[in-house]
Amino acid sequence: MNTVSLFITIFLVLSLGFRLTRLVIAIRKAKFRNSGRTAARPMFWIMTISYVVFLVLCVMENQRRLNAFSWALSFAGLFLYLTSLTLREKAMHDLGRFFSPDIEIRHQHQVVKTGFYRYVRHPLLACMALEIVGLGMVFNAYATLIFVGFGVYMPLIYLRKWLEERTLRAALGEAYRVYEREVGAFWPRWNILSRFHRN
């Protein structure tokens, strides 16, 4: 096994181990709370299966391009990947009891405006997009990143955003509509940044 293959194998074992562990914990917590109303239930599994397919295709492309592997690009991707996981953990913590892997409205659901949610409405989805870009770079899987990452997974992220917002609008009404007007979906609006700078 050459150095690149060893690196990829170690990365896969560690990253998949972490992601699967977090997935199981998230599902168990959601089932334990079991107090919400779920919308668009298949969306979670569609995104999970698409993620696995993306990862498999990244590995396959990597194995075909071992001679052209760029360590600099891979380490930049690793940085993005680890950053996305770190930011995701913070965003999950910010959501607290309202976090769910599904699109779910919990008992006494409220608009969360603390932590990352003060600046963007969908930090978890933004982290997923960053993770996909990071993975494509780690594996040097350019074609997979362009055609599957940007062509399939990013539209799924946008679809999930649309479904979440439709559900939140229906459940929370004007409170969520005001939040939508004030806070950007994936990146902060200028008025939020200006307010942050003044504080």
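Modeller: Confidence is lowest in helix 7 (residues 190-198), with a mean pLDDT of 56, and highest in helix 4, with 98; pLDDT is the predictor's confidence in each residue, from 0 to 100. Across the protein the mean is 91, and 92% of the residues reach 70 or more. Helices (H or I, at least four residues) and strands (E, at least two) are DSSP runs, numbered from the N terminus. Because this is a predicted model, local features need pLDDT of at least 70 and side-chain atom pairs count only at pLDDT 80 or more, while totals for chains, interfaces and linings use all residues. Residues are numbered from 1 along each chain as its sequence is written, and side-chain values use heavy atoms, with hydrogens and water left out.

The charged pairs come next. The whole structure holds 11 salt bridges, each being a side-chain nitrogen of Lys or Arg within 4 Å of a carboxyl oxygen of Asp or Glu. E131 takes part in a salt bridge with R19, at 2.9 Å from N to O; this pair links distant parts of the chain, with E131 in helix 4 and R19 in helix 1, 112 residues apart. E131 also meets R88 in a salt bridge, at 2.0 Å from N to O. R88 belongs to helix 3, so its pairing with E131 of helix 4 ties together parts that are 43 residues apart in sequence. E131 has a relative accessibility of 1% and therefore counts as buried, the term meaning under 20% relative accessible area, with exposed over 50% and partly exposed in between (1.4 Å probe, protein chains only). R88 is buried as well.

As for the nonpolar surroundings, the largest nonpolar core has 31 residues, among which L135, F139, Y153 and I157 touch the most other members. Such a core is a set of buried Ala, Val, Leu, Ile, Met, Phe, Trp, Tyr and Cys residues joined through side-chain atoms within 4.5 Å. Helices 1, 2, 3, 4 and 5 each give two or more residues to this core, and helix 5 supplies the largest share, 7 residues.
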